[in-house]
Amino acid sequence: MWLLRLAWALAALGIVSGSGPGSGPTVPPPDQASIFADLSAAELRAVRTFLMSRPELGLSPSREGTLAKNTLFMVELLPPKKKLALRYLDHGGPRPRRQARAVVFFGGQVEPNITEFAVGPLPRPSSYRPLRFKGGRTIPFSARPMTQLEYELLHRTLAAALEPLYQLLRDSTGFWYHNCSGRCLTFSDIAPRGLASGERRSWLVLQRFVEGFFLHPVGLEVLVDHRDPDPQRWAVQQLWYNGQYFSSPRELAESYERGTLEVARLDELPARQLFSSYEPRGSFTTGTPTEVHGAKVCEPQGRRYQLQGNQLEYGGWSLAFRLRSSAGLQLFDLRFNGERLAYEVSVQEAIAFYGGHTPAAMQTKYMDAGWGMGSTTYELARGIDCPETATYLDAHHLYDTDGPARFSHAICVFELPTGVPLRRHFDSDFQGGFHFYAGLEGQALVLRTTSTVYNYDYIWDFLLYPNGVMEAKVHATGYIHATFYTPEGRRYGSRVHSHLLGNLHTHLVHYKVDLDIAGTGNSFETMDVRFENISNPWSPGAHVVQPWLHRQPRRSERQAAFPFGKAPPRYLLFYNPRQRNRWGHARSYRIQHSSHAGRVLPCGWQEERGVSWGRYHLAVTRHHEDEPSSSSIYAQNDPWEPLVSFEGFLRNNETIEDQDLVAWVTVGFLHVPHAEDVPNTATPGNAVGFFLRPFNFFDEDPSVASRSPVIVRPLDPPVCSRLEIQRWTPDSPGPCVDPRPFTYNGTYRPH
């Protein structure tokens, strides 16, 4: 992916001349929600300027020179501790100090390491202190995420190493890597980078650099050791070409020159309608017109949600949100009708573990927080990624750059007609007429962003429904991670083109749900159905087999951890033991999975230790400030000895009765790529997530507060020729057309 990364580097050197229309809110965020707001561009610059001025840190610009230097890699908000935030939000306590989390690579010392700092107070920082991971471990330098500088050095190393293969690559593919200017090869790099902690060896998959290059491997994979900070000591250790291993580029070149190499000769690519492109080809047999616009979302009477800064309100809901560079969307202070349901709901990690015949395929175990999953939030296209009517917000990231970069239209907010009523009933008189019809149209508010982690695109949604239901959902799309086809590869996927194997993989996504159901003192129980065989009380001698509710309080963390391999109970209930609704039930909320996830590796096997959260459908722990996340940006490159061990959250097996509880939710799916994944994986059928649903929390469905239902009653039953139509909205929604033409910018530049 070298050329794409180079394009990013060049773009990052530009200057944004203005925010432009629709670039984000200009109103300052409301006072309370702003404690959770992302750092502004000015705050990001202030943190960088302050740290760069500290002589004891010895920081250098990140985009030039050597790896053997100290650099500022990432800056993002350091959220306040929960107890301080609640004291401020609920009890009028002091406003928490606004601080930044800064990640520094100390590569310019005898024993390189990574250190994270809390920097504050903002907006004018004057001090910093080191942050510690649970257990106090230092962060090894080899665990760091890749940087643009390291990719540039890797490109130079590869270009020099592949010089002996110029003729082979040109003859067999029509493209080459060394001294290339037009018909170029690029590469995708594989992680984790090695087989044990401390290593930094990457398999690189060579591909023709055309549109959709992920689907154009040429049959060559190269293993480069780049652990040493000095790139002069980097070396190619192995190569794989068309099913054979070689110890050096020279050995492979000599095999080709002798005529003993089984060469994979690729067809010349067409100039247009490349199979990996989005260009239309073929036709539908039904003649459905596709050269005209289809259905659109509209707001006939204007927006019904309120967005001020990072605070969002809609249909009883209110929340604060942010888009953190490390891992993506994070909701805070989630309330319905003023009552807090969750302190935090956030994306923690997304992984994809593969299998295959080539060395790159069998090594691929992607952990996307290690690739800056939250910082790859590129521009959302109006009318495609989000409706034309949506509100679009910008994001600022300081991630592997020498200043904040503005990502235009990185987030969108819109009200979505669900296409299905929220509820409805037709009350028949069974004589050709009816007593009444009533229905409430279905709508939800959507908060959306995307993460394009090289080949894959994740569409992240939080949906708010007016009946007190929240849905977290992620769609997977983009290009499959594919390798060069060999007959042996059919064991690990599907052949999807002449030289292309779509490799099987499992996607898992992890969420943190810090629930505060009617307060912070919560308990957890499960409920499912069992059957009983009883004597029929109204028919002597007969029996009745019927279901009954089996409730099981879960009193400890281990009792509340549900591993893959066994279906969890169908009702997972979090409740306040001291509060009841009008009908005597504990006020509860339920987590409901929408997923068919499974384990990615056997428990405890090497890289699996870095994703031990992926052992469980659901795990419930007590809230601890030193357990803020289930993963880290370092897990990708050191999963063998992870800095964050989720299994350690459960090890002490604390009581979870009447405590501040956190639910850790895993969702996912197995993806066996198929021909229809070309050119891209489509979103239908590739969405997973979970619902947060009220269960006796209210006295009735809270959506009865909506003024959007329609009730129809006959005035002359059973003839039903005269009707009374009762509604609280205008008879006609009015025009539903947005006249603005499609526009798109696509830039994300520092400024």
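This is a predicted model: local features need pLDDT of at least 70, side-chain atom pairs count only at pLDDT 80 or more; totals for chains, interfaces and linings use all residues.
**Helix α5.** Select residues 166–173, the span of α5, and colour L168, L169, S172 and T173, which are buried. These residues cover an arc of only 95° around the axis, which puts them on the same side of α5. Step on to G174, which follows α5 and has a positive phi, near 80°.

**The disulfide of C180 and C184.** Next select C180 and C184, which a disulfide joins with an S to S distance of 1.6 Å. The torsion about this S-S bond is about -110°, so the disulfide of C180 and C184 is left-handed. Which of the two categories, buried or partly exposed, applies to C180? With a relative accessibility of 24%, C180 counts as partly exposed, whereas C184, at 9%, counts as buried.

**The disulfide of C386 and C412.** The count of disulfides in the model comes to two, and another stop is therefore the pair C386 and C412, joined with an S to S distance of 2.1 Å, within the 2.5 Å cut-off that defines a disulfide. Here the torsion about the S-S bond is about -80°, so this disulfide, too, is left-handed. C386 lies in the loop between β16 (365–367) and β17 (391–399), while C412 lies in strand β18 (residues 405–417), so the pair ties together parts that are 26 residues apart in sequence. Both ends count as buried, C386 at 1% relative accessibility and C412 at 0%.

**S375.** Stay in the loop between β16 and β17 and select S375, which has its place there. S375 counts as buried, at 6% relative accessibility. What does S375 touch, if residues up to four places away in sequence are not counted? Its contacts on that basis are S325, H397, Y399 and F407.

**Two further cysteines.** Select C603, which counts as partly exposed at 46% relative accessibility, and then C720, which is buried with a relative accessible area of 17%.

**Cis peptide bonds.** Display the backbone from G120 to P121, where the peptide bond is cis with omega near -10°; P121 is placed in the loop between β3 (113–120) and β4 (127–131). Then go to V678 and P679, which are linked by a cis peptide bond with omega near 5°, P679 being in the loop between β34 (661–671) and β35 (687–695).

Y454 is not a glycine, although its phi is positive, at about 60°. Y454 lies in the loop between β21 (443–453) and β22 (456–464), and at 29% relative accessibility it counts as partly exposed. A518, also not a glycine, has a positive phi of about 55°; A518 lies in the loop between β27 (505–515) and β28 and is buried, with a relative accessible area of 15%.

**A nonpolar patch.** Finally, show the surface and select V529, F531, V545 and L549, which form a nonpolar patch with about 410 Å² of accessible area together. The elements that give two or more residues to this patch are β28 (523–535) and β29 (543–554). F531, which lies in strand β28, counts as exposed at 62% relative accessibility.

Key
Residues are numbered from 1 along each chain as its sequence is written. Side-chain values use heavy atoms; hydrogens and water are left out. Buried means under 20% relative accessible area, exposed over 50%, partly exposed in between (1.4 Å probe, protein chains only). Helices (H or I, at least four residues) and strands (E, at least two) are DSSP runs, numbered from the N terminus. Patches are made of residues with over 30% relative accessible area and no salt bridge: like charges are joined within 9 Å, nonpolar side chains (Val, Leu, Ile, Met, Phe, Trp, Tyr) within 5 Å. Accessible areas come from the Shrake-Rupley method with a 1.4 Å probe; for residues, only the protein chains shown count as cover. A salt bridge is a side-chain nitrogen of Lys or Arg within 4 Å of a carboxyl oxygen of Asp or Glu. The arc is that of the directions from the helix axis to the C-beta atoms. Contact means heavy atoms within 4.5 Å.
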